[in-house]
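Could you look through this model with me before we meet?

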Amino acid sequence: DAGFESTGVTSYRVAANLAVRIMDYPAAEAAIREGLRYADAIEQSHCRQQMAATSAFLAWTSGRWDDASQIARQELVERGCRRGVTGAIDVIGLVAMSRGRIDEARRWLTESHDSGVAADDVELTMGPLWGLAEVDVLAGDPAAASKRCEEALALAVRSGERALLVPFVVTGIRAALAARRPEDAEHWLDRVRTHLADLPAARPALRHAEGLVRLSQGSTTAARDALEAAVHGWTEIGRIWESSWARLDLAQCLMRSNRYGEAASLLAAARATAEQVESPPLITRLDELARIGRGRGEVNEPWWPLTAREFEVARLIAEGLTNGEIADRLDIAPKTASSHVEHILAKLSVTRRAEIAAWTAAVGRPLAAAGDHRDREGAVAVHGR
């Protein structure tokens, strides 16, 4: 109103970026819609390109991946401001990831991440870092994914950032479970929950993560409650990628509870979305769960018949620890540690600790990549990819 056109258009851009940061996508879309119209009216290209790149990201979150790619590639051709170019590169990488083009996604996201690190910019670093962590999970490299999630948490704690850590919550859980380290998944959830306490945008992610942890522990009722809340939360926010995975995780939970009819209805709805957005990773997972549902197969954790806690004890036995050392490591009573060992021997039908170690080594290998179907049907309960 005062005629400060540059300040006005900058305010639209900042409002849109902040809304995206806290996942208030309707507010972001409103700011971009008005901001682009204003930027065109005053012929200001710097903020216009950044807002266009942000609109491409919003198209990705809502499942309009063709639109997202088209907008981002157009802005990349323009080669205007650095932030606009970086935002466009992120979106191209995310679309490639969502459609299972792993190498392409890694190439784009690495370029963007390296640019953010060079600029020492938390916002430019965290976005592509999450994309790379998701790519690692899809590619069957949970160790690399966990490393990136730890890097993100350290950066968030150091900088005081919270909102940009939210997408990493579920990725960190999936990485730990895919590596067959349920204890690490639980520890990760505790740490990110502490850092994200009272942040509204984090609720769907935290509930989703809680559901996966509870499912890995065999607590199907608690897992179902958490995953239902996650599906609702992600859907309400408008994150198609996460809401689709949450539906698949909930279907897996229902199958664990022998509620195959409910799971089938959920899978049918999820398939409609996956086919509409043309996502091979989602379709692959859907096919796996559908096969198990038709055959009424078991959907157990890879460490079955042990519990998650017993598997942790078995891993320490494999490391050569005595019962007393296991008790010290896990901060439990020696009698409790001995009881765990006895249960493990009985459940595995073995008599020696060396046999436990051999079984643990075989079971402890990370789960295969999403596109690798070897030895997967007995291990789909944990990772969902």
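**Notes on the model**

1. Let us begin with the cysteines. The count of disulfides comes to zero, a disulfide being a pair of cysteine sulfur atoms within 2.5 Å. Cys47 is buried, with a relative accessible area of 1%, and Cys149 also counts as buried at 1% relative accessibility. Here "buried" means under 20% relative accessible area, "exposed" means over 50%, and "partly exposed" covers what is in between (1.4 Å probe, protein chains only).

2. A word on what you are looking at. This is a predicted model, in which local features need pLDDT of at least 70 and side-chain atom pairs count only at pLDDT 80 or more, while totals for chains, interfaces and linings use all residues. Residues are numbered from 1 along each chain as its sequence is written, and side-chain values use heavy atoms, with hydrogens and water left out.

3. Now for the rings. The structure holds six aromatic pairs. Rings of Phe, Tyr and Trp (its six-membered ring) pair if their centres lie within 6.5 Å; planes under 30 degrees apart count as stacked, over 60 as edge-to-face and the rest as tilted. One of the pairs is Trp60 with Trp130, which is edge-to-face, with 6.1 Å from centre to centre and 70° between the planes. This pair links distant parts of the chain: Trp60 belongs to helix H3 (residues 45–61) and Trp130 to helix H7 (residues 122–138), 70 residues apart. Helices (H or I, at least four residues) are DSSP runs, numbered from the N terminus.

4. What sits over the ring of Trp130? The charged end of Arg239 does, 5.6 Å from the ring centre. For an Arg or Lys to count in this way, CZ of Arg or NZ of Lys must be within 6 Å of the ring centre and within 35 degrees of the ring normal.

5. Because they are four residues apart in helix H13 (residues 240–256), about one helical turn separates them. Trp241 is buried at 2% relative accessible area, and Trp245 is buried at 1%.

6. Next, how do the helices pack? Axes are lines fitted to C-alpha atoms, for helices over the stretch in contact, and angles run from 0 to 180 degrees between N-to-C directions. Angles under 35 degrees count as roughly parallel, over 145 as roughly antiparallel, 65 to 115 as roughly perpendicular and the rest as oblique. H3 packs with helix H5 (residues 82–98) at an angle of about 15°, with axes 8 Å apart, and the two are therefore roughly parallel. The axes of H7 and H8 come within 8 Å and cross at roughly 160°, which makes H7 roughly antiparallel to H8.

7. Helix H8 (residues 142–159) also packs with helix H10 (residues 182–195), at an angle of about 25° and with axes 11 Å apart. H8 and H10 are therefore roughly parallel to each other.

8. Is helix H9 (residues 168–178) enclosed or open? With 11 of its 11 residues buried, H9 is largely enclosed by the rest of the structure. Among its buried residues are Phe168, Arg174 and Leu177.

9. Please check two backbone angles. Arg180, in the loop between H9 and H10, has a phi near 60°, a positive value in a residue other than glycine. Asp120 also has a positive phi, near 55°, and is found in the loop between helix H6 (102–118) and H7. Arg180 is buried at 10% relative accessible area, whereas Asp120 is exposed at 71%.

10. Finally, find His232 in helix H12 (residues 220–237). His232 is exposed, with a relative accessible area of 51%. The C-alpha atoms of His232 and Pro204 are separated by 7.9 Å, although the two residues are 28 apart along the chain.
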